[in-house]
Amino acid sequence: MSEAIAATPDRIKRLIVESLNLEGMKPEMIEDEAPLFGEGLGLDSVDALELVVALEKEFGIRIKSQEIGREVFSSVSTLSQFIEGRT
Amino acid sequence: MKEPVLLTGLGTIGAWGPGSDRLAEALARGEAPTAEVDRAAGYHLPEGAARAGLVPPGQFGCWLSSGESRRMSPPSKLALAASRMAMRCAGWSGTGEEGTAVVISTAFGPSTNTEILLKQILNEGPEAASPTLFTESVANAPAAQIAIACQATGPSLTVSQREAGPLIALGRAAGELTTGRSPRALAGAVDEMTPLLHALLDRFGALTREEVARPFDRRRSGFLAGEGATVVTLETATGLKERGGRALARLLAWGNAFDPTAPPTGWGTGVEALARGLRKTLSRAGLRPEDVDLVVSGASGSRGGDRLEARVLRSVWGDSPLPPVTAPKAVTGEYGGGVLGAAVLAAAGSPLGATPGFAEPDPELGIAPHDGSPLPLPATVLVTSLAAGGAAAWAVLGRP
Amino acid sequence: MQRDRGSRVVAVSGVGAVCGLGWGVDAVWKGLRAGRAGIGPFRRFDHARHRTHLAAEAGAPPPELARAIPGWGRLSIADRFALFASREAVERAGLSIPLGEEDAGVYFGSSTGGMFESELFFEEFLRDRGGRLSSLASQQVNGPGDAVARHLGVTGPVETLSSACASGALALGAALEAVRSGEVEVAIAGGSDSLCQLTYAGFNALRSVDEVPCRPFRAGRAGMSFGEGAAVLVLEPLERVLARGAEPLAVLAGAGASCDAHHMTAPDPSGKGAAAALSAALADSGLPAEAIDFVNVHGTGTPLNDAAEWQALRQVFGERAAELPLVATKALVGHLLGCSGSLEAVATILCLRHGELHPAPGAGAGADPELPVSLVVDEPLPLPGVRAAVSTSLAFGGSNAALVFSRWMDRTA
C-alpha cells in the first residue's frame, strides 16, 4: 500500500454513503460516535450486510458472520477499531 | 350467487407518464410514446430494434419518498407508485389494509438487479454479491413492498406467466374476494425493460424493428417492448356500499387456458383449446359473443401472436361480426399491464383513438382494429391476452 | 365472513417428487424415514468462492427419463425435475399422459426456473456476446410449469406463482380452489427449483446460510441449507377418485395465506403473520386446531425464522404447541425455495399415509430452551391414529402459506 490513503473512519463513512445509496448525505456528515443502526442513521440488518460486502472489498478482509453484531457495527468508531485490528 | 367484484381505482405508470389520465390521453390520441434504448453496452445487434416504451426518468417523486425507495428495484418503485395512485383514485387511505390481498404479475421480474448480481458473481466473485440487490431481485419484491407500504396483511401472490400474467393476477385477486378470503385486493402487473432484456428479446426475433408496432397489420413484424406498472383496486359491492365509494367497472368474469402445442417462446396452433377457454369465460359472464360491445385485445404486432388471437376470436364469433377491436399495445407496448389499464379506462368510458401503426389489414386475419371514430359507451368489454409459451387469459368488464 | 368454499372435498390422488434424497417418492420417503440428511458437498457449480459449500443436490436422473421426454436436451434442470415429478404423480394417480382432459389445469411454483442455465448463457454472453440463445428459452420462472402443461397436454388454466419460499404452497392453494370450485377436474400442482449461483450467492450475502447442515429449531442453529428438486400432487374431487376405483392418498382440506407486511427479509418476530395464515388454513378446512396431530414446519434453521414460527405455533395451538410433534423436512432435504412448500406437502402426506412422522437428525444439535418444541428427531415417531396435519411456508418478503391435509380413511371398509 504505497499511495496515501485516507484514515479508516473517513473511508468507512464514504463506503456507508456509497454502498447504501444514502442520497443527499455526505460522508463528513456522519459523526464517528453516532449510532448507525436502529436510531441515528436508522440503518437495518440488510444495510449492515451490504456494508460488510463493501468493507470486505475495500479493506481486503473476510468478515465472519459471527463478527457481524451490534458491538462492532454500532458506530463508525467501533467499526474502525475492528477493521484496524484486522488489517 | 357470488358477490360481484368491482374495480374501484386505477393507477398506472409507463412510457405515457404517471397516472391513468396520461394513459387515457395517449390512447385517445393514438400515440405511442417511445424512446431510444441505451445500446452502449453492446448487447444489441447493430441492425436490431432501437426503441422501446420506456418510463421517462424522474416520475416517482410525489409517490415514493427517497427514504423508502432507497433500496428498491425499479419494478418495486413502479409497482408501489401505481398502487398508491390506484388507492388514491379509489379513495383508500393507503395504509391499514388489514386482510387486503396483493396479487402482482411480472413477466421478467427485477431485471436490473438480476443483471447486476450476475455480473458481480461472474466478474468479481460470489463474495461480491450485494444482499440489497438480491433481496430486491426476487419476483415477489414488488408485491412485498406494496404490502409493507400499505400494511396489507392478506394473501400476497406474485404471478409469472408472461403476457397473460396481468389478467391471471386480476382473476386470482378477484377469487380472494368471491371466496371471502379477503375483503379487498390490489391486483396488477409490473415489468421493467432493461437494455439487456431488450437486446435479448430482439435476438429472439420478438420485437419490431420499426418505430411502431402494427397489431393485426399485414406488415406487422413484432411487438414494441414496454415497461411500467398498472394496478387496480378490487372491492365487493357490499364493501363499497359500506364505505360509500364508487366503481370504475365491474369484473364480470375471468378465465385462463393453455395451448400445449406452443414452444416456450412462441405461439402454437391450439386454436380450439384457446377458443374453448374464451367461450367458458364469456359464459361465466352470462354472455354470448354477440353481447360483447368492445374487445380490448392483447394483440401486439407479433406475427404469430396476432394470428393466433385473430383465429381464436374468429373461432368463438363464428360467422357473427366481431365488435370493435382495439389493440392498445400499439400505444402502451408489451409488458407492464398497459392492456389492463386500457381496458378499465375503456369500460369507464374513456375515448379510444386509432391504433397507431395500423394501416393495412392482414387478409389472413380479417381484423381491422378500431379506427378512432367515436364509440358508444360499452356495456361489456372483453379483454384478451395470449402469452408466448402457451398461456392465455381473458377478463370481461362491465358497467359498475 | 361469508365463505363460499364450494362443496367439493378435494383429494390428493397422486404424488411425485425428486430431491437430494433421490428420484421418486419411494426413494424420498426412505431417506426421510431414515432421518438421513441429504445435505453435503455438491457439484452443480464450482462453489470454492462462495461463502458456504453444502447443498442437497439431486443426483443424476434415471436414464430412461431422457428417452421418455421429447426435447429433453433443451430443457432446464428445473424443467426436468418438474417433468419427472409430474409424470410420477400422474402415473400414481392412475391417469395417463396425455391427460386428454379438457378440465385439467397446472398450478406451479418456482423461484428461479431455469436460472442455472441462464447463468451459463450470461457468462458467455456478457463476456463476448456468445452463448446459445435457446438456453434462455426456459429461463423464466414459469418454465417448469409450462413444460409440465405441454408434456401432459393440458389445455385448462396454467399458472406459475413466484412468491419465494411460499410459491409451492400457494400453488397448491390455487389448485385447491380451482378443483373445489369446479374450474378444473384435475389439478397438477407443485413446484420446482434447481440450485443456481444467484440464489446461492444471494442468501450467503444475507448471511442466512449455515456452514453445516441446517438444524431447524435446534440450539446453535445458524442458517438454512440449500436444496433442489420438484414435487407434484394430483388433486381431484374425492368422488372422482373413488369412482375410478383409485385410492385417495390424502385430503387437502384447507389452505390459508397472509403477509407479514413487516420487512423484506426478516420475519415479523411476533409470528402473527404466520399465525394468520395457519388460522386461515384451519378455518378453510373446517377443522379446529385440536384436530391437528403434527405440523410440518417451515423450519429453515435460521435463528429468526424458527423463533417467529414458534411464536406463531403458540398463538394457534396454545398450550398444545410444546407437545405437538413437529416435522422439519428441511433438515434432510434443505430449502427447495419455490418448491419447498410442495415437497413438504408430499412429506406431510407420506407421514399421514404411513402413520409415522419422519425425524430430523438428532446428532450434533440439542434442543433450544427458547423453543420448547417436540421436534421429531433420530427415529420416526409412530402415530398410528394420525388424522390431520398442517404444513407451513413462511417466505422471504413476508408471504405466508399454510396447508391442512387430512388422512383419507375409507369409511366403507
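This is a predicted model: local features need pLDDT of at least 70, side-chain atom pairs count only at pLDDT 80 or more; totals for chains, interfaces and linings use all residues.
In terms of contacts, 54 residues of domain 1 of chain B touch 60 residues of domain 2 of chain B.

There's a polar side to this interface as well. Between the two domains of chain B, 20 residue pairs are in polar contact, counting pairs with both residues at pLDDT 80 or more. Which parts of domain 1 of chain B each supply at least two residues to the side touching domain 2? They are strand S1 (5–14), helix H1 (20–29), helix H7 (165–178), strand S7 (184–191) and strand S8 (228–236) of chain B. H7(B) gives the largest share, eight residues. Sorted by class, that side of domain 1 of chain B has 32 nonpolar, twelve polar and ten charged residues.

Four salt bridges turn up across the domain interface of chain B. Take B:Asp306 and B:Arg220: they form a salt bridge whose closest N and O atoms are 3.9 Å apart.

## Where chain A meets chain C

Here twelve residues from chain A and six residues from chain C make the contact. The buried area is about 680 Å², with carbon and sulfur atoms giving 44% of it.

The chain A side that touches chain C splits into six nonpolar, two polar and four charged residues.

## A:Glu56 and its arginine partners

The rule finds two salt bridges across the interface of chain A and chain C. A:Glu56 pairs with C:Arg51 in a salt bridge at 2.8 Å, N to O. This pair crosses between chains, from the loop between helix H1 (25–34) and helix H2 (63–68) of chain C to helix H2 (residues 45–59) of chain A. A:Glu56 also meets C:Arg207 in a salt bridge, at 3.2 Å, N to O. C:Arg207 sits in the loop between helix H7 (197–205) and strand S6 (229–237) of chain C.

Are these side chains' residues buried or exposed? A:Glu56 has 7% relative accessibility, so it counts as buried. C:Arg51 counts as buried because its relative accessibility is 15%, and C:Arg207 is buried too, at 16%.

## Salt bridges elsewhere

Over all chains, a search of the whole structure finds 58 salt bridges. One of them lies within chain C, where C:Arg44 and C:Glu57 have their closest N and O atoms 3.8 Å apart. Both residues lie in the loop between H1 and H2 of chain C, so the pair ties together parts that are 13 residues apart in sequence. C:Arg44 counts as buried, at 17% relative accessibility.

Some salt bridges share partners: B:Glu176, B:Arg181, C:Glu177, C:Arg180 and C:Asp284 are joined into one network this way.

Definitions and conventions: Residues are numbered from 1 along each chain as its sequence is written. Chains are lettered from A and ligands numbered from 1 in the order in which they are written. Side-chain values use heavy atoms; hydrogens and water are left out. Contact means heavy atoms within 4.5 Å. A salt bridge is a side-chain nitrogen of Lys or Arg within 4 Å of a carboxyl oxygen of Asp or Glu. A polar contact is a pair of N or O atoms within 3.5 Å; within protein, one must be able to donate a hydrogen and the other to accept it, and residues adjacent in sequence count only if both atoms are side-chain atoms. Helices (H or I, at least four residues) and strands (E, at least two) are DSSP runs, numbered from the N terminus. Ala, Val, Leu, Ile, Met, Phe, Trp, Tyr, Cys and Pro count as nonpolar, Asp, Glu, Lys and Arg as charged, and the others, Gly among them, as polar. Buried area is the accessible area (1.4 Å probe) that two parts lose on being put together, summed over both. Buried means under 20% relative accessible area, exposed over 50%, partly exposed in between (1.4 Å probe, protein chains only).
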